[in-house]
Amino acid sequence: MSTIVRRTVPAIVLAGALMMGTTGCLAGENAAAEPATDDTTAATQEWSTDTLTLDFATYNPLSLVVRDQGFIEEALGDDVSVEWVQSAGSNKANEFLRAGSIDVGSTAGSAALLARSNGSPIKVIDIYSQPEWSALVVPAGSDITSVADLAGKSVAATPGTDPYFFLLQALETEGLTIADVQLQNLQHADGRAALEAGSVDAWAGLDPIMAAAESESGAELIYRNVDFNSYGFLNATEDFITNHADVAQVVVNAYEEAREWALENPEETAALLAEVAAIDPEVATTVITERSNLDVSGIPGDDQLAVLEKIAPVLVESGSVQGGDAAVQTALDSIIEDSFARKAAESQ
């Protein structure tokens, strides 16, 4: 079930802050509002919409900072109602985006590529992390010590997410496919529960749930490979990008502000993660300081495409894309919208 939080923050914003938060409208006919002048405030800015719905997720630490600090609400003022919806995984964020129930959502890069390949009208507008957030996990004392040992075993994973594609790539290193294991389609938290209950032999884990399982239950990571993890993508629907470019710019500006805040305040960022994820602060600190890598450029581009190009054949071979390789290649050619992140970077 999703969690919706509505916040309204008084529009008391200094003009200097507004230069970053409200002046990033795209030039041209897609811009829905005129750029703010030096003496414009959030209270007088005329926005292209009166509602904004976006997600927060424990696998996206910057979303927790943006939500907690109220950066978006502060920039938009009282004229735009901001709703926050929690995503339990990339697959859920993609479902929300495709249904139009959120305007902006957090996924792994692999999940965004899968969604766009299958016709979801989304594009990546910002990069929030370059994490090592997935690995293959077994319970303490398990006889399974390698990927090869997974043949014939039951493995929990969430299709459509980075851990699932991590599993596919890991199996491939041993000449195995998904058909060689007994896949249990479970959401991330349920995968951990099944592992600890003995209902599955292994789990394609996702942080911070995975880190909590290590700390609290003695779960062991039998296979790690940072190259099999894709970047954290902040995605928006094409409708939102086209018709509400002014508000989209505010969102990306807020993310870049949150990145700077998180890098300057790692302890507070870990505390936010611990609170929202209901995990031990030490576990949250491990996730933030060792596995999240927030100190990356927010501008989507060649680095992300290089990773996706490696994942593309895995998507095709798995049968996850109805249109096959042609659909994946079309998605690769059109998934990036870097203009918002470039403007945000220029304003830093």
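**View 1. Glu-214 and Arg-291 meet through their side chains in a salt bridge, 2.7 Å from N to O.** Here a salt bridge is a side-chain nitrogen of Lys or Arg within 4 Å of a carboxyl oxygen of Asp or Glu. Glu-214 belongs to helix H8 (residues 209–217) and Arg-291 to helix H12, so this contact ties together parts that are 77 residues apart in sequence. Helices (H or I, at least four residues) and strands (E, at least two) are DSSP runs, numbered from the N terminus. Glu-214 is partly exposed at 26% relative accessibility, while Arg-291, at 9%, is buried. Buried means under 20% relative accessible area, exposed over 50%, and partly exposed in between (1.4 Å probe, protein chains only).

Before moving on, a word on the model. This is a predicted model, in which local features need pLDDT of at least 70 and side-chain atom pairs count only at pLDDT 80 or more, whereas totals for chains, interfaces and linings use all residues. Residues are numbered from 1 along each chain as its sequence is written, and side-chain values use heavy atoms, with hydrogens and water left out.

**View 2. Arg-259 pairs with Asp-126 in a salt bridge whose closest N and O atoms are 3.6 Å apart.** The two partners come from distant parts of the chain, 133 residues apart: Arg-259 sits in helix H10 (residues 245–264) and Asp-126 in strand S5 (residues 122–129). Both Arg-259 and Asp-126 are buried.

**View 3. Asp-338 and Arg-342 form a salt bridge between their side chains, at 2.9 Å from N to O.** Asp-338 is partly exposed, with a relative accessible area of 23%, and Arg-342 is partly exposed too, at 43%. Back at the site of the previous view, shared partners join Asp-126, Glu-256 and Arg-259 into one salt-bridge network.

**View 4. The largest cavity holds about 70 Å³ of space.** A cavity is a set of points, on a 1 Å grid over the protein atoms alone, where a 1.4 Å probe fits but cannot get out; lining residues have an atom within 4 Å of a point. Grid points are joined across faces, edges and corners, and the volume is the space filled by probe spheres set on them. Look for Arg-291 again, one of the lining residues, along with others including Tyr-59, Trp-133 and Asp-207. Helix H12 (residues 281–292) gives the largest share of this lining, three residues.

**View 5. The second largest cavity holds about 40 Å³ of space.** Among its lining residues are Tyr-59, Trp-133, Asp-162 and His-188.

Technical notes: On a 1 Å grid over the protein atoms alone, a cavity is a set of points where a 1.4 Å probe fits but cannot get out, and a pocket is an open set with protein on both sides within 12 Å along at least five of seven lines; lining residues have an atom within 4 Å of a point.
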